[in-house]
Amino acid sequence: MGSDVFPDELRAAGVTPRELEIFWLVGDRLHNWEIADALHVSERTVESHVSALLRKLGGADRQASPNRQVLVEAAERLKALRDAAPRPKPISSFVGRDKEIDDLRRLVGANRLVTLTGPAGTGKTRLALRLADLVTALPPAVLVDLARVPRGQNGEREFADALGLVAGDPGRPRARIRAALAKGRHWLLVDNCEHVADGAAALLADLLATTRGLHVLATSHGPLRVAGEVVYEIPPLPVPGEGDDPAAVLSAASARLFADRAAAVSPSFAVTSDNARHVAVICRRLDGLPLAIELAAARTRVFSAAELRTRLDDRFAVLTDGARGAPARHRTLEEALNWSYELLSGEERLLFERCSVFPAAFDYDTATRVLGYPPLSPAVLVQVFPRLLDRSLISRRRQDQATEYWLLDSVRQFAHRRLEASGAAEPAREQHARHHLGQGVAALTGLCGRDQAAALRWFGRHWADLRAGMRWALQQPEPTLAWEFLAGICTGWEVLGARGELFEWLDTLLERPLPQGSLGVRAAITCAFLLDYQDTERARAYAEQAYERAENASEHDRALALLALGWTSRAAAVAQGSEFEVLERAVALFERLDDDWHRALALFRLGLAVPDTPAALTRLAEAADLFDRLHNPVKRSNCLFHMANLAIEDRVRLDEAATWLAEAGRLAGAGGNEHERLHAEIALARLDQAREDHTAAEPRFTRLLTEFRQIGDLRCAARCLHGLGGAAASAGDHGRARRHFAEALEIAVGLGDRNVLVTSLLLLADSDHATGRPDRAAILLGAAENLAPTPTETPEPPLRTALREYLGPTGFATALATGRSTPLTALHSL
């Protein structure tokens, strides 16, 4: 310790600067004459100052060796306080944590005990050391590392060593620690308390109670529960959102940490537009956990960011080989989590493992119902659950008066590996699946009624749980539970909207026959409604099967089967009458059954079946008003969307269409229905195009195409391609326009939607005509007219007139005939 450092303890005792110089030299065991020679003073002057020091620091006023030894020991102790256990010096940059540092600089100055808590790997020690370097209002911090202290002990030996106390009575280390801290001001950084929390807490409580100038900054997985303790929870680092803009990705501290550590092992590494999206996903999947991100970044010597991203499913095999010299628990992600796991009791481990069945956030009541089965009763769970919170193995956040909990993804995967290893995974997954799939069906009443907003919020919060539940249900020998969920919601999927997983689930379920009885009727009806988004021919086949199965079913099931039949007919005649007639019967039947929800649904479909636009708009407006009276904003939004679509197609009432779409978007947003929000957006893009504003429309169609594909709505994906082709044609790029129209036709053929097919064929024909291929254009026109003949009383479309004039009557007729006879699957490759 340099002579320019003036310890608070000596200053408080009234030691002068000259006495301080002599004090350090006495501590170096120099004789008085040596001190006099070094300071160029007389030996008598040195003797005088030594006497003063002995007086001020508690020794007798004489030069006897035992008393002078008091000064020697005091000097050694104060030197050790600064020098014997220096804090580790970081060898890498410190990234982020600006808010935490600002908060903690204020807290450590105002409070005598501040404890940093958080899960393993969140960077508590690094933040504490950083804070120790920055804080000037307190004495320099002395690090007391308890990591190596055996469980059940209190770390007194480590405290004594850190304070530089020379060996004394081994039975009384605490008294000597108290004495060392009794004078002056001291700041201890007590690290890694979690495994000796009880002993460390008792020792700190004693030291804080018996000293006045002691401040402590502790790190632990949870609170120490010492009187006066301020607990500061260290969250993971913020993670970047979606996107591939490097600047936006690097605005998140987790991405900056990844980039910094990756560049350290691979100097050419940088976040670019090519890898920014992958870096963002890595940071999100690792929950912004600093240790995990540093371990992942180290792997960029071997893998690109894209390759590393795909390997995170097996993260415990990948995130290893931490820095040499680091504690063992920081060299691999699994060891870091295992450090926490080993501290748990048997009941705590069991509950922790069971919590891993939740793929996302959950509330306490749900945890009780799902996890509270033998040997963990709800009464035991209420005691054990808070202990997992205290150990930072469960994270939490509070919104308004509700608290939700979750496991960080790495923590969840670790816990689930332990659950599977114990052989207890299957019953836990079953409990989780049955609860959530049952709750989903129970939410149907609200979904179609006055509590729609609350029901939609429930589905939004629990979709990950439903996905996990269906994954389990589909793995069972009998798919009854999966069908009970899908068919239990049935027409409610019209409110929830299409989601990509629905069609994957259906594909798996339909590998086996439908169930028997009433469940089989509802299953067929559900297939008809859902497959209508992707394959209208299959949808119609399931509607017909539902109608046949419903012959001996309840009257309500028969009405639903009739609705499914009308829903999938697409203006084609069926054995039970035209689409219009079937839907009219369904409307009447639901009215007699006092089922306004399904009556409104039938009215809505009737509006789409009516060929006359003014009459169709009237029907749709009637359905929209009924949905409004039913407090069903999602389906009212859908009605408004289709009203706007009809107006846009006929280029009528465009100002009203804009108003309808504004309300549709507002209703969809308020209800949290992503599908209906996308519907409103595609209609707005079409409205822009109808007003010749292709510059605004094209980027919307581009973005929406990806989103509709993701949720599995192929009909709207084809409409986006129509829009993109129209934008390209308006710019004179007919080659690009044709590619978009050809892709739309390919989707429409697979979809089997006659309206989308006809539109795709006509647009493709227009494109071929514009690029000098009238023969091909006429073939496509023939295929379109084969699906939807042009009424004789309507004026001939300009395209038809132009093609006849160019090809001549005979050539035109031949091309039309070729189009009528060419299979649809061959048309897009002409």
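Arg-736 is partly exposed at 25% relative accessibility, where partly exposed denotes the range between buried, under 20% relative accessible area, and exposed, over 50%, with a 1.4 Å probe and protein chains only. Its salt-bridge partner is Asp-733, with the closest N and O atoms 3.1 Å apart; a salt bridge here requires a side-chain nitrogen of Lys or Arg within 4 Å of a carboxyl oxygen of Asp or Glu. Asp-733 is likewise partly exposed, at 32%. Shared partners also join salt bridges into one network of Glu-674, Arg-677, Glu-681, Arg-703 and Glu-707.

This is a predicted model: local features need pLDDT of at least 70, side-chain atom pairs count only at pLDDT 80 or more, and totals for chains, interfaces and linings use all residues. Residues are numbered from 1 along each chain as its sequence is written, and side-chain values use heavy atoms, leaving out hydrogens and water.

The whole structure holds 48 salt bridges. In one of them, Arg-522 meets Asp-557 at 2.6 Å, N to O. Arg-522 belongs to helix H28 (residues 517-531) and Asp-557 to helix H30 (residues 555-569), so the pair links parts of the chain 35 residues apart; helices are DSSP runs of H or I, at least four residues, numbered from the N terminus. Asp-557 is buried at 3%, whereas Arg-522 is partly exposed at 24%.

Finally, His-722 sits in helix H38 (residues 714-730) and is buried at 12%. Beyond residues up to four places away in sequence, His-722 touches, among others, Phe-741, Val-756 and Leu-763, contact meaning heavy atoms within 4.5 Å.

Note on methods: Helices (H or I, at least four residues) and strands (E, at least two) are DSSP runs, numbered from the N terminus.
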